[in-house]
Amino acid sequence: MDVVKAVETYVTKLIATPSTMKVLLLDSHTTPIVSLAATQSTLLSHQVYLTDRIDNKKRDRMPHMKCVCFLQNNEDSLAALEAELSEPNNILSKTAIERLAEVDEYEVVKEVQEYFADYAPLLPCLFSLNHTPTSLKPLYGSTPNTWDTKALEHTVQGLTAVLLSLKKKPIIRYEKMSGMAKKLAVEVQHRIRSESSLFDFRLTQVAPLLLILDRRNDPVTPLLSQWTYQAMVHELLGIQNGRVDMKTVPDIRPELAEILLTTNTDPFFQAHYLATFGDLGSSLKNYVQSYQSRSMAHSPSSINSISDMKKFVEDYPEFRKLGGNVSKHVALVGELSRIVGRDKLLEIGEVEQGLATSSGADIRNVQAIVTDANVAPWHKLRLVTLYALRYQKTQTSNIATLINLLLENGVPREDARLVYVFLNIAGTDQRQDDLFSTESLLAKGRSALKGLKGVENVYTQHTPHLSQTLENLFRGRLKETSYPFIEPPGVNAGLQRPQDVIIFMIGGTTYEEARTVALYNQDPVAASNGAVQSAAGTRLLLGGTCVHNSSSYLEMIRSAATSFASSVYEPPPESASNAPALNLNLGGVNVSLGGPGGSGVFRSNEGVGVQADGIRDGVLSLFDKVKQGVDRIAIQ
């Protein structure tokens, strides 16, 4: 179930005919999809000599060239295609085809085909529908449990495209607490039935599973600082369809102002995108040294014969490419390191990990960060939100104290009230599972056992709730009472282990969860710390309405709350008497929050408190040494 290969196959078929010089026209939706699945050399090898947007009105007319259009079936794209045809879909409707036929007065359209590539393949095991909710493109309706009508249709189309491109006709399960998950499950099932001829695939012994989850059941994961390479880049700088904007990085070279960061085009990133920040430093140092040794081999003094010259000419393009890749990763990791130091993310991350795991965190540690003038208000808000989610039912007075402390330390009231919004839409009463392993003795024992098995990294102790869900699924313990089937599946279906599992997260997934899925695909026994004894042959695929970092997640909640009842800004019923009233009618407040994130480091077998200072110093020292080494190398 490799979505990158699935979309790559579609694009190859799309541009293979006609076998002559051609133009490829895309729209705003399909442009990032093609860029993620096809390289420029692939397009050129199929004689695509121009790629352009269908809505570009300044393009020269080229009647001598053939044209292939890859467009989403929407009003804007159809209108642009009408305009294109007047001058010589997801599942395309008959009406849309008739509409195009009416304007094709020069009969230039030779063929209309459907390609089910209505999603962005970010990794082989991760896809996104690229719907990051805003006030103009909302996800939620008038309550946190209802869909916006357009968002629901877009999601059904995207999820259907994934199933069709992978040739899967799944049984469907969903999180019971989520009305949105049930609604989506019903609509996808209806689409499968209504398009039965498209879903006429060869039956398997155990049907594939589509598991629909809701972000509200785990609001913690997207709020945390990230400490592995890909997740960290997205958290601190943002990854948009495989591209990272580096224009604001101090002293960045022009050719690195925007960089491509995908596993299918970058060997170093492919090898290390799941690596922790500490591992990454060592790997980058080795990568730089490898380039340095090859640089010496390509120096003029090493060319002493005709065969040396021939080898130099043959190897030089690859050598230049290596140099550019080294420059890219050195700049990227250097910027991550700079932000970690500037924003005190190692100190913040240590407290975050305590709040997100069974170990907990002392309120004094949270207070110290909230009152630190060198910590940005953004990080203070995230930390207090995590504390409130963790201790909603047990430390209400402390939560109220921390919110008041936010107001006294640079956090505006319209931001501070988001703490209440999180508690009201994703708090303990809205979640169906025990997110912090605080309820039962069994849960506490399981969490402690995982800790004893060894957390290599103080900053990556947290595992997403998805990991527990997958563990239960692999062991046949995913309860039908909590994750019901949309249709009666037959006897003992819940105990059967499906070979293909597609997990879809309403409200957006994260790169931390994608890492969990990738590790389960590699070795489920190791990924579950031995809880799963064997899962040979099971393949996992994760998708979401978008891929969040903490900034986009908080902004989604902020934007969504404006459509909900005003009570969403009020303290929950169990709140302490000293909880401040923050339900203010402030009009259309739109505050842009900066991007935060983290890094990762290793711990020894000694106590966490003793090692933390050494860890911080060690990691920052390591990256300083790497950067100094790179600065000494003249990368041409």
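Predicted model: local features only at pLDDT ≥ 70, side-chain atom pairs only at ≥ 80, totals over all residues.
Contact here means heavy atoms within 4.5 Å.

The buried ones are Leu418, Val419, Tyr420, Val421, Phe422, Leu423, Ile425 and Ala426. What covers them? The cover includes four helices: H14 (377-390), H15 (396-408), H16 (413-416) and H22 (550-561).

Two of those covering helices also pack on each other. H14 and H22 meet at an angle of about 70°, and their axes are 12 Å apart. An angle from 65 to 115 degrees counts as roughly perpendicular, and H14 and H22 are therefore described that way. On the H14 side the contact is made by Trp378, Leu381 and Arg382, and on the H22 side by Ser550, Ser551 and Leu554. By type, the residues of this contact are 3 nonpolar, 2 polar and 1 charged.

Next, the nonpolar cores. The largest one has 166 residues, and those with the most contacts inside it are Leu24, Phe127 and Leu184.

Take Phe127 from the largest core. Leaving out residues up to four places away in sequence, Phe127 touches Val3, Tyr119, Ala120, Leu122, Leu159, Val162, Ile502, Phe504, Leu541, Leu542, Gly543 and Gly544.

Ala120 is on that list, and it lies in strand S4, residues 120-123. Is Ala120 buried or exposed? Its relative accessibility is 1%, so Ala120 counts as buried. Beyond its neighbours within four places in sequence, Ala120 is in contact with Ile33, Leu36, Leu126, Phe127, Ser128, Asn130 and Asn241.

Last, the cysteines. How many disulfides does a search of the whole structure find? The count is 0. Cys67 is in no disulfide, and the nearest cysteine sulfur, that of Cys69, is 3.7 Å away. A disulfide needs the two sulfur atoms within 2.5 Å. Cys67 has 41% relative accessibility and so counts as partly exposed. Cys546, at 1%, counts as buried.

That is the end of the tour.

How values were computed
Residues numbered from 1 in each chain as written. Heavy atoms only, no water. Core = buried A, V, L, I, M, F, W, Y, C linked by side-chain atoms within 4.5 Å. Buried < 20%, exposed > 50% of the residue type's maximum accessible area, 1.4 Å probe, protein only. Helix = DSSP H or I, 4+ residues; strand = E, 2+ residues; numbered from the N terminus. Axes fitted to C-alpha atoms, helices over the stretch in contact; angles between N-to-C directions. Parallel < 35°, antiparallel > 145°, perpendicular 65-115°, else oblique. Nonpolar A, V, L, I, M, F, W, Y, C, P; charged D, E, K, R; others polar.
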